[in-house]
Amino acid sequence: MSRKILSTPLTPQYASRLVQSIPEGVVVLDGEGRVAFLNPGAERITGRAAAEVLGRDVQSLLPQAAGSETLQDAFVPELAHQHLDLEL
């Protein structure tokens, strides 16, 4: 049995479409902790439209993040201090 793997370059447009299509919530923050991106899954989960929160502090979107060093610490305390860094 032969498998064909599609090879699509990871252009910014392709990456954007890919992240937009993920049903789970994806929130991207800038270096200052402000919301830089919110996919439709995150809008559905939080009940907030991207236009409402873009450029605002993450705590305006996720109040439970207040006082946590990272979002991971706020939502999954048992994984605190286990960080995954991704480079594209």
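Student: Where do I start? What pattern does the protein chain follow along the sequence?

Tutor: Start with the order of elements. Here the protein chain reads α-β-β-α-α-α-α. That comprises 5 helices and 2 strands.

Student: Next, burial. What share of the 88 residues in the protein chain is buried?

Tutor: Burial is judged by relative accessible area, with under 20% as the cut-off. In this predicted model, buried residues make up 15% of the 88 in the chain.

Student: What about sequence separation? What percentage of the contacts with a separation of 6 or more comes from residues 24 or more positions apart?

Tutor: Take the contacts in the protein chain with a separation of 6 or more. Residues 24 or more positions apart account for 9% of them.

Student: Take one pair. How far apart are Leu29 and Leu54, in sequence and in space?

Tutor: Leu29 and Leu54 are separated by 25 residues in sequence. Their C-alpha atoms lie 9.3 Å apart. Leu29 belongs to strand S1 (residues 27–29). Leu29 has 31% relative accessibility, so this residue counts as partly exposed.

Student: Last, charged pairs. How many salt bridges does the structure hold?

Tutor: Look for a side-chain nitrogen of Lys or Arg within 4 Å of a carboxyl oxygen of Asp or Glu. The structure holds 2 salt bridges. One joins the side chains of Asp30 and Arg34, at 3.0 Å from N to O. In the other, Glu52 pairs with Arg48, and the closest N and O atoms are 2.8 Å apart.

Student: How accessible are Asp30 and Arg34?

Tutor: Asp30 is partly exposed, at a relative accessible area of 28%. Arg34 is partly exposed too, at 35%.

Student: And what is the relative accessibility of Glu52?

Tutor: The value is 40%, so Glu52 counts as partly exposed.

Note on methods: Residues are numbered from 1 along each chain as its sequence is written. This is a predicted model: local features need pLDDT of at least 70, side-chain atom pairs count only at pLDDT 80 or more; totals for chains, interfaces and linings use all residues. Side-chain values use heavy atoms; hydrogens and water are left out. Buried means under 20% relative accessible area, exposed over 50%, partly exposed in between (1.4 Å probe, protein chains only). Helices (H or I, at least four residues) and strands (E, at least two) are DSSP runs, numbered from the N terminus. Contact means heavy atoms within 4.5 Å.
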